[in-house]
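Take a moment to look over the sequence and the model before reading on. We'll start at the surface and then work our way through a few places of interest.

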Amino acid sequence: MKAILKSDNFSFYYGKKQAIKDISMNIYEKKITAIIGPSGCGKSTYLRSFNRMNELITKVGHEGSITYKGDDIYAKGLDTVALRQHIGMVFQKPNPFPKSIRENILYGPRIHGEKNAALLTEKVEQLLKKVVLWEEVKDKLNDSAFSLSGGQQQRLCIARALAVNPEVLLIQR
């Protein structure tokens with residue numbers, strides 16, 4: 001079985017502080033992989049490295065490699081928007097966008113060029129049903145995502161991540 005994601009001697013730094021050291025690991029398609037360890041050991045840093053979310057923080061660096069389907073995800077010129085379409089992320093703490101419930105889900109498909117209104121409307125309903133949120137929000141899709149409870153916001157964030165049909169979904173717990 002071939003790994004869809006693979007890290008080889010991957011280390012990550014916040015400035016001069018090494019957060020993770022020499023991790024080599026294969027993650028296989030259609031398998032659930034758990035990364036466990038004590039608080040502060042680098043699990044979240046490692047997960048965020050798979051779709052380059054750590055780069056949103058200044059003064060970070062890495063050594064070693066991470067590949068997705070054999071391609072180096074840290075290669076110069078790599079389109080991180082496209083990478084994140086393939087490798088989605090749901091954070092431990094819900095992080096809805098400051099938009100409506102509907103717009104949270106449609107954000108990804110729209111930045112990837114989807115304009116078909118009927119398809120977008122269908123996608124909202126389909127995804128909200130998939131995360132068991134439809135019945136709770138179907139009459140308030142234009143309300144702020146911040147009006148939802150914490151658990152509802154988390155399910156909305158899962159729906160948002162699924163909206164671009166990622167091949168890999170990283171879930172931080």
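**A walk through the model**

Start on the outside: Val81, Tyr107 and Ile111 make up a nonpolar patch on the surface, and together they have about 260 Å² of accessible area. A patch here gathers residues with over 30% relative accessible area and no salt bridge, joining like charges within 9 Å and nonpolar side chains (Val, Leu, Ile, Met, Phe, Trp, Tyr) within 5 Å. The areas come from the Shrake-Rupley method with a 1.4 Å probe, and for residues only the protein chains shown count as cover. A salt bridge, in turn, is a side-chain nitrogen of Lys or Arg within 4 Å of a carboxyl oxygen of Asp or Glu.

Ile111 belongs to helix H3. Helices (H or I, at least four residues) and strands (E, at least two) are DSSP runs, numbered from the N terminus. Ile111 counts as partly exposed because its relative accessibility is 46%; buried means under 20% relative accessible area, exposed over 50%, and partly exposed in between (1.4 Å probe, protein chains only).

A word on what you're looking at. This is a predicted model, in which local features need pLDDT of at least 70 and side-chain atom pairs count only at pLDDT 80 or more, while totals for chains, interfaces and linings use all residues. Residues are numbered from 1 along each chain as its sequence is written, and side-chain values use heavy atoms, with hydrogens and water left out. The pLDDT is the predictor's confidence in each residue, from 0 to 100. It averages 95 over the protein chain, with 100% of the residues scoring at least 70. Confidence is lowest in helix H2 (residues 80–86), at a mean of 91, and highest in H5, at 98.

Now for the inside. Thr45 sits in helix H1 (residues 43–49) and is buried, at 7% relative accessible area. Leaving aside residues up to four places away in sequence, Thr45 touches Phe12, Tyr14, Ala19, Ile20 and Asn54, where contact means heavy atoms within 4.5 Å.

Finally, look at two lysines. Lys30, in the loop between strand S2 (17–28) and H1, has a positive phi near 60° and is exposed, at 80%. Lys59, in the loop between H1 and strand S3 (60–68), has a positive phi of about 60° although it is not a glycine; Lys59 is exposed, at 71%.
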